[in-house]
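This report describes a single protein chain, from its overall fold to individual residues. The sequence and structure are shown below.

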Amino acid sequence: MALYSIILFCVFLWIPFVYFYYEEKDDNNTSKCSQVKNALKYTVGFVIVCVVLLLIGAFVPLQAPPGQNSTQWEKVQYLFEELGSS
């Protein structure tokens, strides 16, 4: 569990922050404080975009839902199959 947490931290927070931090370094002679602020701003934006995409991917069905003439039980089974497949 700890290894997965470290990987998630690096992929979604540390690597984007370092990337954006060093991208800001190339601009005009900016201070370290403004570099950190801009890197944090872009990292938060990156995390928001990732969360939105992951939520969309989690809740968009992969198969067509059962037709209008299906029973309630078939609809419930379909929901469980969709949740289990993602």
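## Overall fold

The model is predicted. The protein chain contains three helices and zero strands, and along the sequence its pattern reads α-α-α. Of its 86 residues, 13% count as buried.

The accessible surface of the protein chain amounts to about 7200 Å², and carbon and sulfur atoms contribute 70% of that surface. Among contacts with a separation of 6 or more, 32% are between residues 24 or more positions apart.

## Annotated segments

An unreviewed UniProt entry lists residues 6–22 and 42–62 under "transmembrane region".

## Helix H2

Helix H2 covers residues 32–59. H2 has 28 residues and reaches 41 Å from its first C-alpha to its last, close to the 40 Å expected at 1.5 Å a residue.

The buried residues of H2 are Gln 35, Ala 39, Thr 43 and Cys 50. In an α-helix there are 3.6 residues a turn, so residues three or four places apart point the same way. The cover over the buried residues of H2 includes helix H1, residues 2–25.

Gln 35 counts as buried because its relative accessible area is 3%, under the 20% cut-off.

Lys 25 and Gln 35 are ten residues apart along the chain, and their C-alpha atoms are separated by 6.9 Å. Lys 25 has 46% relative accessibility and therefore counts as partly exposed, a class that lies between the 20% and 50% cut-offs.

## Cysteines

How many disulfides does the model contain? The count is zero, with a pair of cysteine sulfur atoms required to lie within 2.5 Å. A disulfide is a covalent bond between the sulfur atoms of two cysteines.

Is Cys 33 buried or exposed? Cys 33 is exposed, because its relative accessible area is 52% and the cut-off is over 50%. Cys 50, by contrast, has 15% relative accessibility and so counts as buried.

Definitions and conventions: Residues numbered from 1 in each chain as written. Predicted model: local features only at pLDDT ≥ 70, side-chain atom pairs only at ≥ 80, totals over all residues. Heavy atoms only, no water. UniProt positions renumbered as here; feature names shortened; annotations may be inferred. Helix = DSSP H or I, 4+ residues; strand = E, 2+ residues; numbered from the N terminus. Buried < 20%, exposed > 50% of the residue type's maximum accessible area, 1.4 Å probe, protein only. Expected span 1.5 Å × (residues − 1). Contact = heavy atoms within 4.5 Å. Areas by Shrake-Rupley, 256 points an atom, 1.4 Å probe, with all protein chains shown as cover.
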